[in-house]
Amino acid sequence: MKIAIAQQNYHIGNFAHNTQHIINAIETAKAAGADIILFSELSICGYPARDFLEFDDFIHQCQQSLSQIAAHCDSIAALVGAPERNPNLKGKDLFNTAYFLYEGKVQQAIHKTLLPTYDVFDENRYFEPAYEWNIVHFKGKKLAVTICEDIWNLGDNPLYRICPMDELMKQQPDVMLNLSASPFDYTHDEDRKATIKANVLKYKLPMFYCNAVGSQTEIVFDGASLVFDKDANLCGQLPMFTESLQYFTLREDGSIDAPILEPASRVPDKELTPHGLEAELNIAQIHDAIVLGIQDYFGKMGFKQAIVASSGGIDSAVTLALAVRALGAENVRAILMPSQYSTGHSVDDAVQLSRNLQNPYDIVPIKNIFDQFTTELQPLFGDLPFNVAEENIQSRVRGNLVMAIANKFNYILLNTSNKSELSTGYGTLYGDMAGGLGVLGDCYKLQVYALARYINNNGEVIPENIITKPPSAELRPGQKDSDSLPEYDVLDPLLYQYIERRQGPNEIKAMGFNAALVDRVLRMVNINEYKRNQFCPIIRVSPKAFGVGRRMPIVGKYLS
């Protein structure tokens, strides 16, 4: 059986695009002599559609697209994903469905059983779980079809009470096919391989796994679709972060007519769960995920050009470099806004960076505007000492200026805040926290430095002085980040324990972190939830990102 895997980038609710994209792949696979073509989860509407699923018209358009696609499945079968109405009045109104199409029509509908409701997932909000399990009979083979989470219930502490494959095995299938929309994080490539390997070893069947690719606002799907033979050898892996259509032949004995890329002995046995922050871990994947996140945010929203407030610091430098790689130098404008507290080397570094990247830049000093603010406020401020109020005025002046330029010339402002700053509230609302998309908001400061070094792998793009000088917001004379925050090589590992690993204060202190510092940092994280709640979408690259994947009460008292 010749099986095609169509790893495609969909646009949520863009039915004309998604439908034609799927049809094009079907026609290509048909011409190549494929017997069946596999698409990803909810491919027709895009994933996650969220509350669009509550609109009858949205579901109606899904079904219309399904009919159009089915008409092209004459000599070839296809598995495509779409929501399906639940005819039973009891339970949720929809199923998350994989449709088996053949001979011009829907032959079978397979419902997803395990509906994740954790991190970025909220499927139980919309879908009813499957209550029956049936294999698909096709050309003498018995196909066990599952959808994403359905294969993720193995291990010592399963999240669900049932494994769909346990039910399907009663009908003696020959092969497992899985339609997925499995989001990227920098541990997930290993996690995915370990999970599929565990399924193959348990059920002793080959698996063909099709994952979505592309970015949907903050969630990035990396593709990396997989093919395993019945002995858990990796025989196929589609590329990460790009579309691909590949073919594999399943032999009668369950082997795959393809060279073994990784023998079972080298495929990970368990998920990757680092016990501490490893700033360099899979940094190339993080880089590529962010670039794709920027590209798709702009492309799918119809935006053309970006603007970045370039300070000569590491965060804006990395943001600018990533934006240029995503959108092209001519489409990214840098605005340098020095104040009287900005050092000369910061301006020089920012200028050199834009010259290296060959992107347009402008210098707009803010001293006169800042002085006018303080003059007008002097009757109210009187003789009170210079403090955070004056610092934030500078940040908000810059925010106003860069947003004015963005509005005038139709740019989208890319935010440069990193995860360390967002964690601790080290940022100014309506100032440096402004923007349409958070590029580095899921990267700790140490990871930002790792990204800078990776960007410079093939020659200096980011000036070395930006990487080596002490980080500073430059909002008062001689200011350094370390005046307000612990050193990042201490802060970031501590934050990682609390945010990614959900360790409590006692557990973190037992690791050797200073007790007073732990209490201080955790309090900073929790009392600044109100700031993060007003922040823009963040491109997710970690197992626990701010935004839809981390839902905390703003007015909670815990550890604050």
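Q: What is the bend at a residue?
A: The bend is the angle between two axes, one fitted to the seven residues that end at that residue and the other to the seven that start there. The structure discussed here is a predicted model.

Q: Where does a kink lie in helix α8?
A: Helix α8 covers residues 367-381, and a kink of about 30° lies at Thr375.

Q: Which residue just after α8 takes a positive phi?
A: That residue is Gly382, with a phi of about 55°.

Q: What describes a pair of aromatic rings?
A: Two values are used: the distance of the centres and the angle of the planes.

Q: How many aromatic pairs does a search of the whole structure find?
A: The search finds 14 aromatic pairs. One of them joins Tyr297 and Phe298, with 6.2 Å from centre to centre and 70° between the planes. Planes over 60 degrees apart count as edge-to-face, so the pair of Tyr297 and Phe298 is edge-to-face.

Q: Are Tyr297 and Phe298 buried or exposed?
A: Tyr297 and Phe298 are both buried.

Q: Which residues do ring pairs link into a cluster?
A: The cluster consists of Phe15, Phe52 and Phe58, linked by ring pairs.

Q: Where does the charged end of Lys2 sit?
A: The charged end of Lys2 is over the ring of Tyr247, at 5.1 Å from the ring's centre. In another case, Lys419 lies over the face of Phe546, and the distance to the ring centre is 5.9 Å.

Q: Which residue forms a salt bridge with Lys544?
A: The partner of Lys544 is Asp119, and the closest N and O atoms are 3.1 Å apart. Lys544 and Asp119 are both buried.

Q: What parts does the salt bridge of Arg192 and Asp222 tie together?
A: In this salt bridge the closest N and O atoms are 2.9 Å apart. Arg192 is in helix α4 (residues 188-203) and Asp222 is in strand β11 (residues 219-222), so the pair connects parts that are 30 residues apart in sequence. Buried means under 20% relative accessible area. Arg192 has 1%, so Arg192 is buried; Asp222 has 0% and counts as buried too.

Q: Are Lys230 and Asp231 buried or partly exposed?
A: Lys230 counts as partly exposed because its relative accessibility is 30%. Asp231, with a relative accessible area of 45%, is partly exposed as well. Lys230 and Asp231 form a salt bridge, with 3.5 Å between the closest N and O atoms.

Q: Which residues are linked with Lys30 in a network of salt bridges?
A: Glu27 and Asp74 are linked with Lys30 in that network.

Q: What does Leu491 touch, not counting residues up to four places away in sequence?
A: Leu491 touches Ser420, Thr424, Leu485, Pro486 and Val521. Its place is in helix α13, which covers residues 488-499. Leu491 is buried, at a relative accessible area of 0%. Phe513 is 22 residues from Leu491 along the chain, and the C-alpha atoms of these two residues are 9.7 Å apart.

Technical notes: Residues are numbered from 1 along each chain as its sequence is written. This is a predicted model: local features need pLDDT of at least 70, side-chain atom pairs count only at pLDDT 80 or more; totals for chains, interfaces and linings use all residues. Side-chain values use heavy atoms; hydrogens and water are left out. Rings of Phe, Tyr and Trp (its six-membered ring) pair if their centres lie within 6.5 Å; planes under 30 degrees apart count as stacked, over 60 as edge-to-face and the rest as tilted. Buried means under 20% relative accessible area, exposed over 50%, partly exposed in between (1.4 Å probe, protein chains only). A charge sits over a ring if NZ of Lys or CZ of Arg is within 6 Å of the ring centre and within 35 degrees of the ring normal. Helices (H or I, at least four residues) and strands (E, at least two) are DSSP runs, numbered from the N terminus. A salt bridge is a side-chain nitrogen of Lys or Arg within 4 Å of a carboxyl oxygen of Asp or Glu. Contact means heavy atoms within 4.5 Å.
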